[in-house]
Amino acid sequence: MSDPAHSEAQVFSLDEQRAARDARSGSPPAAGRPRCVATTASGARCRNYAVEDGRCRVHVPTDADGEVARSRSAPRRSPGLAGGAVHPRAEGHPHPAVSGSRSGARASDADAAGDAGSAGDAGSAGEAGPAGEAGPAGDTGSAGDAGSAGNTGAHAADARAREASRSATASSGERQGSFAWAEAQLLQRGYLAAIDGLELLRDAADDRFLEALRGLVGFLRRRVTGAYEIDDFGFDEELTTKVLMPLLRPLHRHYWRVTSHGIEHVPEQSGALLVANHAGTLPADALITRLDVFDLTGRHARELGADLVFRTPVVGALARKTGATLASGDDADRLLASGELVAVWPEGFKGLGKPWKDRYKLQRFGRGGFVATASRAQVPIIPTAVVGSEEIYPMLFDLRIVARLLGFPYFPVVPQMFALPVLGPFALLPLPSKWIIEYGEPIDTASFGSDLAEDPMALFDLTDQVREQIQQMLQRNLMGRRSVFL
């Protein structure tokens with residue numbers, strides 16, 4: 001058991017503490033020491049002892065604090081200056097780590113000066129009586145007064161920093177929101193650690209990322225305000241180029257790994273009519289072909305679609321937004337006459353819904369309406385062959401009764417459906433076949449004369465010629481590929 005003589009704390013009165021402190025420092029009695037002339041945030045007179053120019057350590061002028069902060073802080077490298085130059089701190093605004101802990105720093109100064117016996121001289125609450133009661137209010141400053149005074153100084157420093165930053169921004173001419181502007185703001189406030197973080201962000205985010213971010217913000221603003229353009233057919237080029245095509249691009253580049261050749265046959269400016277085969281149960285080949293043309297030429301291939309596409313909710317409106325229009329002579333003539341690149345899939349739903357046993361066997365190309373359209377506009381026909389789309393959803397059966405009940409042209413049964421109990425919705429993903437797109441040599445319709453559209457036999461002959469050319473291109477690419485998926 002411990003000695004009772006040492007188990008109780010030794011108690012000194014306030015007078016004894018002051019006497020011991022005065023004896024150590026050799027200062028006159030405390031009654032003659034001047035008080036601080038400053039006022040606290042609440043308007044009360046500060047009760048701390050004055051140590052410099054009639055002020056306590058809490059209310060020492062900001063410039064003096066700045067000197068202390070600068071002397072105690074190690075020089076920091078300026079991220080914005082070449083060669084790792086040293087940043088001088090903003091005048092009158094020390095580092096936040098110093099300015100935010102002025103009370104503690106000044107308490108340490110008081111200890112170093114020999115005033116460790118009275119923590120109240122440093123503006124902190126530490127003079128408790130024997131029973132834990134606070135000491136006399138007139139003897140030492142309270143923690144609340146010190147904290148309030150510290151807050152007052154911090155608020156004043158922030159106000160001066162904001163005013164200086166506004167004048168610095170106006171004089172420097174930096175664009176608001178730029179990295180240089182942000183660095184100037186942080187430097188003006190003395191947040192050098194934040195400047196280092198800003199430099200790391202600038203290193204990680206290159207100009208392309210920043211431009212993409214600005215473009216996204218501008219796009220959203222235009223969508224909300226309605227300040228975007230569409231043409232007479234409802235084509236929203238900005239939505240298609242900046243939102244929908246980027247969503248398809250991973251499928252084009254990485255999932256189906258599309259390779260294409262013969263793009264030099266597609267004109268760079270004038271109008272032309274792309275004619276391609278159609279397959280795959282879903283019209284993914286139309287979307288991928290259009291994306292491929294855009295990535296290689298920068299031109300949008302305006303699609304001609306069937307009536308069912310535009311009657312389908314959501315799909316019809318989205319098709320209009322992407323530039324598709326009804327496969328009618330009037331719309332196609334207007335597009336070609338204005339120099340647009342137009343794409344058509346003459347097989348239609350007969351090509352999309354053909355069974356697996358008829359893969360890569362072209363169906364009938366209709367009555368030659370696309371040839372008449374190209375002839376009237378005097379534009380070339382570009383035969384286009386797509387290999388790989390047949391394998392994404394191999395159609396095993398066509399449930400025609402169900403299709404009639406639902407009003408669909410066909411109702412496919414594909415192998416992925418049998419994996420639904422095991423994989424769930426992921427089973428319906430298309431198969432990752434390897435795609436090849438070839439753009440064939442153009443067929444000049446102008447060489448057949450201006451009356452080609454009025455001659456049914458000539459139209460049928462030219463339609464068969466286009467169909468035969470695409471069939472040969474398909475066979476050639478099928479013979480050249482190593483595997484369906486490689």
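Predicted model: local features only at pLDDT ≥ 70, side-chain atom pairs only at ≥ 80, totals over all residues.

Modeller: The protein chain has 19 helices and 9 strands, and buried residues make up 39% of its 486 residues.

Colleague: What makes Thr463 a buried residue?

Modeller: Buried means under 20% relative accessible area. Thr463 has 3%, and therefore it is called buried. Thr463 lies in helix α19. Leaving aside neighbours within four places in sequence, Thr463 is in contact with Phe365, Gly368, Phe370 and Val371.

Colleague: Why is Asp455 called partly exposed?

Modeller: The term covers values between the 20% limit for buried and the 50% limit for exposed. Asp455 has a relative accessibility of 35%, so it counts as partly exposed. Asp455 is located in the loop between β9 (436-439) and α19 (456-480). Asp455 also belongs to a patch of negative charge on the surface, together with Asp451, Glu454, Asp461, Asp464 and Glu468.

Colleague: What makes that patch negative?

Modeller: Asp and Glu count as negative. The members of the patch are Asp451, Glu454, Asp455, Asp461, Asp464 and Glu468, so by that convention the patch is negative.

Colleague: How do you know that Leu396 is partly exposed?

Modeller: The relative accessible area of Leu396 is 36%, so the residue is partly exposed under the 20% and 50% limits. Leu396 is found in the loop between β6 (381-387) and β7 (397-398). A nonpolar patch on the surface includes Leu396, along with Phe397, Leu399, Ile401, Val402, Leu405, Leu406, Phe408 and Phe418. Together these residues have about 940 Å² of accessible area. Helix α17 (residues 400-406) gives the most to this patch, with 4 residues.

Colleague: Why is the pair of Arg302 and Asp231 called a salt bridge?

Modeller: A salt bridge requires a side-chain nitrogen of Lys or Arg within 4 Å of a carboxyl oxygen of Asp or Glu. The closest N and O atoms of Arg302 and Asp231 are 3.1 Å apart, so the pair meets that limit.

Colleague: Are Arg302 and Asp231 buried or partly exposed?

Modeller: Arg302 has 1% relative accessibility and therefore counts as buried. Asp231, at 28%, counts as partly exposed.

Colleague: Which residue meets Arg302 in a salt bridge at 4.0 Å?

Modeller: The side chain of Glu340 meets Arg302 at that distance, N to O. Glu340 lies in the loop between α14 (329-337) and β5 (341-344), 38 residues apart from Arg302 in strand β3. With a relative accessible area of 27%, Glu340 is partly exposed.

Colleague: How do you know that Lys354 and Glu390 form a salt bridge?

Modeller: Their side chains meet at 3.0 Å, N to O, and the limit is 4 Å, so the term applies. Lys354 lies in the loop between α15 (349-352) and α16 (369-377) and Glu390 in the loop between β6 and β7, so parts 36 residues apart in sequence are tied together. Both Lys354 and Glu390 are buried. The structure holds 15 salt bridges.

Definitions and conventions:
Residues numbered from 1 in each chain as written. Heavy atoms only, no water. Patch = residues over 30% accessible without salt bridge, like charges linked within 9 Å, V, L, I, M, F, W, Y side chains within 5 Å. Areas by Shrake-Rupley, 256 points an atom, 1.4 Å probe, with all protein chains shown as cover. Charge placed at Lys NZ, Arg CZ, Asp CG, Glu CD. Helix = DSSP H or I, 4+ residues; strand = E, 2+ residues; numbered from the N terminus. Buried < 20%, exposed > 50% of the residue type's maximum accessible area, 1.4 Å probe, protein only. Contact = heavy atoms within 4.5 Å.
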